[in-house]
Amino acid sequence: MDTIPSVATSRGIGASNDVLHEIRDGVLHILFNRPRQRHALTFDMYLRLAWMFTLAQGDDSVRAVLLSGAGNYFNAGNDLNDFLEFGADDEFVPAHFLRALSRCDKPVVAAVEGGAIGIGATMLLHCDIVYAGASTRFAMPFINLALCPEGASSLLMPRHAGYKQAARWLMLGEPFGAPEAREAGLVTQVVEDGDAMTHAICAVNKLLAMDPEALRQTRRLLRRADTGPVADTIEHECEHFARLLAAPAAQSALAVFAARRR
């Protein structure tokens, strides 16, 4: 697999092509494919992503998962239009994706270019190998919308980056670059812009050459200490995120942001 795999739509999970997938040669390639919105995730996309990671978990033919964004951008996070008018009794759909991603025991490799914002950044905490283009920008600006962290980032970011750096990114919402992401352990390697996919494919090929059972056990052992705490943290974060999302402060912030974009 020395070229970008073609990808197909997930049948039965929605009619749009905003998230594409294909299983080929033991690899599930998931491609964010909403370039005009920088692949911002809608509730429908979250459900299809949850299905894809559940598929990977249950399919023995899948040896690894490859994540990327079409064009020169990885993921801009939540589509805030789906958050507008979110009510206290509404289902917090992103939780389905976060659970499925964190429970997947297949190696996950990500090719990141352009930007990784919000959940676009926190999902990288659950990837095993991440390559990022040198000019990629990262941000977890939940606080700017009167929201709290998700994706177990309140647990994992302090462990990866240290408390002070995590507080800067999660309490101040400040953006940061690929070198800082590398120093913080969010990214495996910073590469030249446009080369992240090439490096990701090379890593996937190396993973496929390993003994499947040895690789699976190695990954489980590496993540064993965090398995329970990550699951618990995701549930707590989603509960608080949904409560804050339905509150007036977040709804007002979201409306102001949406008006600016218009």
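**Salt bridges and a nonpolar surface patch**

Salt bridges link D18, R34 and D79 in a network. The model is a predicted one. In the whole structure, a search finds 12 salt bridges.

**Pair R34 and D18**
- R34 and D18 form a salt bridge through their side chains, at 3.9 Å from N to O.
- The two residues are 16 residues apart and link distant parts of the chain: D18 is in the loop between β1 (8-9) and β2 (19-24), and R34 is in the loop between β3 (27-32) and α1 (43-58).
- Both R34 and D18 are buried.

**Pair E235 and R99**
- A salt bridge joins E235 to R99, with the closest N and O atoms 2.6 Å apart.
- Because E235 lies in helix α8 (residues 212-246) and R99 in helix α2 (residues 94-103), the pair ties together parts that are 136 residues apart in sequence.
- E235 is partly exposed at 33% relative accessibility, and R99 is partly exposed with a relative accessible area of 23%.

**Pair D226 and R159**
- D226 and R159 form a salt bridge whose closest N and O atoms are 1.9 Å apart.
- D226 is in helix α8 and R159 in helix α4 (residues 153-161), so this pair ties together parts that are 67 residues apart in sequence.
- D226 is partly exposed, with a relative accessible area of 23%; R159 counts as partly exposed at 48% relative accessibility.

**Nonpolar surface patch**
- Y163, M171 and L172 make a nonpolar surface patch of about 380 Å².
- M171 is placed in helix α5 (residues 163-171).
- M171 has a relative accessible area of 54%, so M171 counts as exposed, the cut-off being over 50%.

How values were computed:
Residues are numbered from 1 along each chain as its sequence is written. This is a predicted model: local features need pLDDT of at least 70, side-chain atom pairs count only at pLDDT 80 or more; totals for chains, interfaces and linings use all residues. Side-chain values use heavy atoms; hydrogens and water are left out. Patches are made of residues with over 30% relative accessible area and no salt bridge: like charges are joined within 9 Å, nonpolar side chains (Val, Leu, Ile, Met, Phe, Trp, Tyr) within 5 Å. Accessible areas come from the Shrake-Rupley method with a 1.4 Å probe; for residues, only the protein chains shown count as cover. A salt bridge is a side-chain nitrogen of Lys or Arg within 4 Å of a carboxyl oxygen of Asp or Glu. Helices (H or I, at least four residues) and strands (E, at least two) are DSSP runs, numbered from the N terminus. Buried means under 20% relative accessible area, exposed over 50%, partly exposed in between (1.4 Å probe, protein chains only).
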